[in-house]
Amino acid sequence: MKPQPFAAGVSAALLAVTLGACGASGTDGETGSGDTAVTLTYWASNQGASLENDKEILTPELEKFTQQTGIKVKLEVVPWSDLTNNTLAAAVSGQGPDVLNIGNTNATTFQSTGAFYPFDDAALQKIGGKDRFVASAFASAGPAGSPPTSIPLYSQVYALYYNKKLFADAGLQPPATWEELVSTAQKLTNPAEKKYGVVIPGGTVNVSMHFSYIFSEQHGGAAFDAAGKPTFTSPGMIKGVKQYVDLVSANKVVNPSAAQYTDSAQAAGDFARGDAAMYMAQTSGINVLTKNGMTPDQYGIVPIPAPAGGTKISSFVAGTNVSIFKNTKHLDAALKFVAFLTSDEEQAILNKSYTTQPTVTGANASFTDDQEKLDAFTTILAEQAKPLPLIPGIQAFQANVGGAVVALIGKAATGTAVSEDDVKAALEEAQLKMGAS
Amino acid sequence: MREQLSFRIFRWVVLVPLAIFTAVPLYVMVTSALKPLQDVRGDFQWWPTNLTFEPFVDMWSTVPLADYFVNSVVVTSIATLFSVVIAIFASYAISRYRFRGRGVFSGVVLSTQMFPGVLFLLPLFIIFVNIDRSLGFSFLYQTRIGLIVTYLTFTLPFSIWMLAGYMNGIPRSLDEAAKVDGTTAIGALFRIILPAARPGIIAVAVYSFMTGWGEILFASQLTNSDTRTLSVGMQSYATETNVYWNEVMAAALVVSVPIVVGFLILQRYLVSGLTAGAVK
Amino acid sequence: MALTFLKQAARRPAEPSPPAAQPAKRFTWTRLAPYLLILPAVLFELLVHVIPMIVGIFMSFIQLTQFFITNWSAAPFVGTGNYAVALDFSGPLGWQLVRSFLITLGFTVLVVGISFVFGMSAALVLHRLGRGRGFLRTLFLIPYALPAYAGIIIWKFILQRDNGLLNQLLVDGLHLASERPFWLIGGNAFVSVVVVSIWQQWPFAFLMSMAGMQVIPEELYQAAAIDGASTWQQIRFITMRMMKPLNAVLLLLLFLWTFREFNTPYVLFGPTPPEAADLLTVHIYSSSFITWNFGLGSAMSVLLMLFLVVVAGLWALWNRRVNRDA
């Protein structure tokens, strides 16, 4: 009976083969990254109309960078839905790309994880100093007083897009107050023909947070007090959220189906097809609409109006920042890459392609040939945009308040009237969750 | 055998609704895959009016479906192969040996069936990353190997349990007879047990393959754009401006056909393999 | 399942090899053999299941939030603090956890119950069917063979408000409703997730039932028929009785799998499901990954696991009694 050992030996050998085989194929990875051929891994965010669109825009620029410096860049375009998660994963594990884009709303939250390289004065000098940047954009990079862990790349603001033809046919002017927006929208709504006044991406958590913030600021509410404590149940905050939800609930100017749009691009589709006459979106909406077959001459842009007597705030300073991962083995190369992306020349090229606003003063906004639109966006950014609070809890704010608003919109869409008390209860719960977590 | 009328009525009351319930989604998949985009965007049409094969062409370019397909095939096949072989050895030990720790081993293996995936997703991922860090290169994290190791382990408990049950059902007198004839234990495993356990082994392989092919949670966290598998990649059709429902349905059809055909060919083994573990 | 299996194993000691009269301490290859045979399985289980599990349980005792995820050692030890938050039913997180638990329980009972009835009935009527049996059997098994996400995505299309089959049928076809209902948000979402899960699960119950019926000897039925037993009596006294052990395993497996179901709600609704379909696994996933509180998420997972262990334990007790009586 000697035989068993053999069987056992086979199983042990099998294990060895498994491990050996794995080892062999694993070494194909990025081991030999000596000084001669540095390859940076870059996670780009989904700025364009599709991931493919992003690759088309970025690839020639990255090749230019390789020509200039000899540094190769491995590009990975990550959808927004995965970007936060993947960045988190990278932060937890210490294993990530060398350079990555982040939404600037997340800048402070990510800074608090300590996973990203802080741009101290010396590092800032390497990318040309902070005075090169537009002040409002740079302010979004992180709380004052500590070196920021991200550098602004593309700036954006929200605006109201309106369909020129639909407005002209009905003899309407773009609204100047929120009340006008609602009454205009009601005139343009005809559910029988599936035409609606406004489209919103009602199922999208981050956009719901954006509008809650903007509208509560219009009502003088604030999401956080000076000490950074959540004040979601302030009267202004409740009114602001109600104003947004009422588009679906009381005013009924939104196709209820929009409550299921979990991506702002889906709302763009409705607007481009003429199924909705108005659409609130960021600057990059121009590019998204073009990809959907709607040219800039077909729509106009005005600031999102505030209620009569309210504070004229129509956006926050939105945008995308670029960060260097702290564990990078190629810090110098990464800094060179950030310097390249924020150079005047690249800023002009990239922001034109993405129809966003440059973050450096040396490049002019040129995302459209339409001077009127350029001016509208520039005015909003300069006069009507209020930065989001720079506190670490902003990610939780987005998850809790954004999530609560999505649920309220869902309720409104399925036919339940949403009262002020419902809004208050939802916000109260969101606030309690902030404390508990 | 004569059947009562009431039973015959019962039969049709059961079969007709179930057949409709099962078949309608399949019908929707096949017909929608043959419609142009505007026809899946408006009201649902029961009968496709404008037949087109374009979704089957376009689906490869809308998302890199071919890459996902290759990843899924590689990961799932290798994981299945190793899972089956490892399970054969382990279940042979459990079925034919008495050894200290046998109960503990069986108990631990089976209790993993109660582990919620969300609990060890993050730890697993951190362990993978740390192994990579100490090795100095990408070995497990966001690699196919990492996913293979994960999937093969996921299917091990059920496979070991099923195969041990199956082997317990193979009379020991067979191994004994072989041994009397001078066959070694490994000889007995290969010559007696394996052929007799073939349905069980095939059942385990089918189960392992299906588990890996359809897993979503771990695939979404443990892969990157190069190693993404179908289960995660398929969702890319819906994240962009349009939901390309016709292409989604075409892709669903294409990724399902191989596994459904394979399953249907091997199902009779699955039937006998499954019950052996449970009943015997 | 675990326990029956162990019990069987204990009841049936492997008589032939190795001889029980092995000298106790001496090292031999024969003594080592079983350990070498299970070694690969042990290593993989340790790497992927056991160690991560232990780490996960450890995580549930620390305050693992965004501030500490890059440096675990700095995360404060909070003892049972995370459990206190999760089980504080007056707070929103505890209350939502209970709601999610109850929804999941309702979901599981419905899905398992209906899938079992469907599977058993179909197996019963097909078992005695001549022509058409192969075809129907194949058709019924397809949803099980289909990759989970493929099946769920088809349903997601069917359940769309504007271009889905269901609303076309209800509103335009049967005129049962004037306004198109939502199926993926609001209260209907629960119905949707139940129906989709049944569609995917019942074929497994069918497969197992069919397999169990095949091993019942035909002579039993013949003898019963000669004694004048009706078809229903044969089903009740022969089929059902013989199927008992298999049904017990089947129900437990279905329960454990369904209670932990992640794919269906996740693909149908995404990471933030509607309240009515807020199943536990997705709830925990969101609590950990969306709000970045892994300590709390882990505590919730441990509670979920404890519940499943209790269920399996009760099942084992019940099963032992049933087996003893039988």
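Where chains C and B meet, 96 residues of chain C and 92 residues of chain B take part in the contact; two residues count as in contact if their C-beta atoms, placed from the backbone, lie within 7 Å. This is a predicted model, in which local features need pLDDT of at least 70 and side-chain atom pairs count only at pLDDT 80 or more, while totals for chains, interfaces and linings use all residues. As for labels, residues are numbered from 1 along each chain as its sequence is written, and chains are lettered from A and ligands numbered from 1 in the order in which they are written.

On the side of chain C that touches chain B, helix α2 (residues 29–59) gives the most, with 20 residues. Helices (H or I, at least four residues) and strands (E, at least two) are DSSP runs, numbered from the N terminus. That side of chain C holds 71 nonpolar, 19 polar and 6 charged residues. Here Ala, Val, Leu, Ile, Met, Phe, Trp, Tyr, Cys and Pro count as nonpolar, Asp, Glu, Lys and Arg as charged, and the others, Gly among them, as polar.

Chain B itself has 13 helices and 0 strands. Its C-alpha atoms fill a box of roughly 70 × 70 × 35 Å along the principal axes. Of the 280 residues in chain B, 54% are buried, where buried stands for 20 or more other C-beta atoms within 10 Å of a residue's own, exposed for 12 or fewer, and partly exposed for anything in between, with C-beta atoms placed from the backbone. Take the contacts in chain B between residues at least 6 apart in sequence: 75% of them join residues at least 24 apart.

Back in chain C, Ala211(C) sits in helix α8 (residues 188–214). Ala211(C) counts as buried because 24 other C-beta atoms lie within 10 Å. Between the C-alpha atoms of Ala211(C) and Ile142(C), which are 69 residues apart along the chain, the separation is 16 Å.

Chain A is split into domain 1 (39–155 + 317–384) and domain 2 (158–316 + 390–436), with bounds that come from an automatic or database domain assignment. Taken over C-alpha atoms, the centres of these two domains of chain A are 27 Å apart. Their contact draws 25 residues from domain 1 and 24 residues from domain 2. On the domain 1 side, α4 (107–113) and α15 (371–384) of chain A each supply at least two residues, and α15(A) gives the most, with 5 residues. By class, this side of domain 1 has 9 nonpolar, 14 polar and 2 charged residues.
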